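Have the sequence and the 3D view open while reading.

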Amino acid sequence: MDTALKTPQLETSQQWRKEKPLVLGIESTCDETGFALVRGGELLVDRTATSMDEYARYGGIIPEIASRAHLESFLPTLESALTEAHVRLEEIDAIAVAAGPGLIGSLTVGICGAKALAQTLGKPIYGVNHVLGHLAVDELVDGPMPEQFIGLVVSGGHSNLLHVRDLATDVVELGGTLDDAAGEAFDKVGRLLGLPYPGGPHVDKLSQAGNVEAIKFPRGLASARDKNKYRYDFSFSGLKTAVSRYVSAHEKQGEPFSPEDVCAGFSEAVNDSLTAKAVQACLDLECSTIVVGGGYSANSRLRSLIEERAQAKGLTVRMPPLRFCTDNGAQIAAIGSTLVRAGVRPSESDFAPDSQMSLTVPVM
């Protein structure tokens, strides 16, 4: 997308704004049920319940199981968060809940619970963008966001580059994956190699013991024509196929191969593409900072390579600690707090979940 979506703001005389609002964040986009409380840019508590262990035998998320798990975890996790923070529900200034992207059933559980709380308490509600929350959570660690930055969002469902001039009002999508996301590709390669679910962390661990020079896997969209046409886009399906063919050929011939080297070569190909284009976007748009977010941002090689390449170009990289990489309530409270402090209008009470919510839309 080439144009930014401008979120309407209240007139000054009508703005609902505080310097340090107390915002409750509710996350339920997939298999984590998260609650967090943020006061201004300070995190008071972050509690998460996960149903990840239930999917190992299936090799993937089962939406119905995830939805039921959210129902079971909602109240206990909320009560735990409030107790730990020593906060009463009545003290909350606003409620932020993930409205998308995500699994429609999981989103629905979180939104229904959030609406019930908002109506009972008479508090404003914000149906926020879960993906932008992956970037906003960095404020809780590294302080206020720069005036503009390049956002690299990497997860099981997203590999996107964003030009962010204001997380609350001005986000432009520069490009994204044309097929598999980075995290998705890692999980598929993990399955191909017979690794436990989810495969991504296991592939990452094996790659650290492998030789990145042993196997040269292809980079997607690397031709001169593609570099021009898809300057900020990614493609990992061809790379995944190349890994599959390599493994199949060796197994068919009865030839041994090193899973560590396969993982190292594959990981290097993915991270080479992600980091090179993120740095290029910064240089093209005269940004000095890259903010990385999403579950895949926990990948060890991504973190080291983007730091190395950014430093070589005089750029700054901001990445939240590992505990904020996976889905969590803190990211939702963080983007909610950003919206409240910017004076952005709350969501209408009848907003619905949007499983394909655009990355340029901070709030419903």
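A residue counts as buried when its relative accessible area is under 20%. The model discussed here is predicted.

**A buried strand residue**

V23 has a relative accessible area of 1%, so it is buried. V23 sits in strand β2, which spans residues 22–27. Which residues does V23 touch, beyond those up to four places away in sequence? The set is A36, L37, V38, A94, A96, A333, G336, S337 and V340. S358 lies 335 residues from V23 along the chain. The C-alpha atoms of V23 and S358 are 23 Å apart.

H134 belongs to helix α3, residues 130–136. Its relative accessibility is 2%, and H134 therefore counts as buried. The side chain of H134 makes a polar contact of 3.4 Å with the side chain of Q331. Q331 is also among the residues that H134 touches once those up to four places away in sequence are left out.

S273 is placed in helix α9, residues 259–284. At a relative accessible area of 10%, S273 is buried too. Setting aside neighbours within four places in sequence, S273 contacts R219, G220, F234 and F236.

| Residue | Relative accessible area | State |
|---|---|---|
| V23 | 1% | buried |
| H134 | 2% | buried |
| S273 | 10% | buried |

**The α1/α2 pair**

Helix α1 covers residues 63–85, and helix α2 covers residues 104–121. Their axes come within 8 Å. The axes cross at roughly 30°. Why do α1 and α2 count as roughly parallel? Angles under 35 degrees fall in that class, so α1 and α2 are roughly parallel to each other. The crossing of α1 past α2 is right-handed.

Which residues make the contact? On α1 they are A66, S67, H70, L71, F74 and L78. On α2 they are G105, S106, V109, G110, G113, A114 and L117. By class, the contact residues comprise seven nonpolar and six polar. No charged residue takes part in this contact of α1 with α2.

Technical notes:
Residues are numbered from 1 along each chain as its sequence is written. This is a predicted model: local features need pLDDT of at least 70, side-chain atom pairs count only at pLDDT 80 or more; totals for chains, interfaces and linings use all residues. Side-chain values use heavy atoms; hydrogens and water are left out. Axes are lines fitted to C-alpha atoms, for helices over the stretch in contact, and angles run from 0 to 180 degrees between N-to-C directions. Helices (H or I, at least four residues) and strands (E, at least two) are DSSP runs, numbered from the N terminus. Angles under 35 degrees count as roughly parallel, over 145 as roughly antiparallel, 65 to 115 as roughly perpendicular and the rest as oblique. A crossing is left-handed if the near helix is turned anticlockwise from the far one by less than a right angle, and right-handed if clockwise. Contact means heavy atoms within 4.5 Å. Ala, Val, Leu, Ile, Met, Phe, Trp, Tyr, Cys and Pro count as nonpolar, Asp, Glu, Lys and Arg as charged, and the others, Gly among them, as polar. Buried means under 20% relative accessible area, exposed over 50%, partly exposed in between (1.4 Å probe, protein chains only). A polar contact is a pair of N or O atoms within 3.5 Å; within protein, one must be able to donate a hydrogen and the other to accept it, and residues adjacent in sequence count only if both atoms are side-chain atoms.
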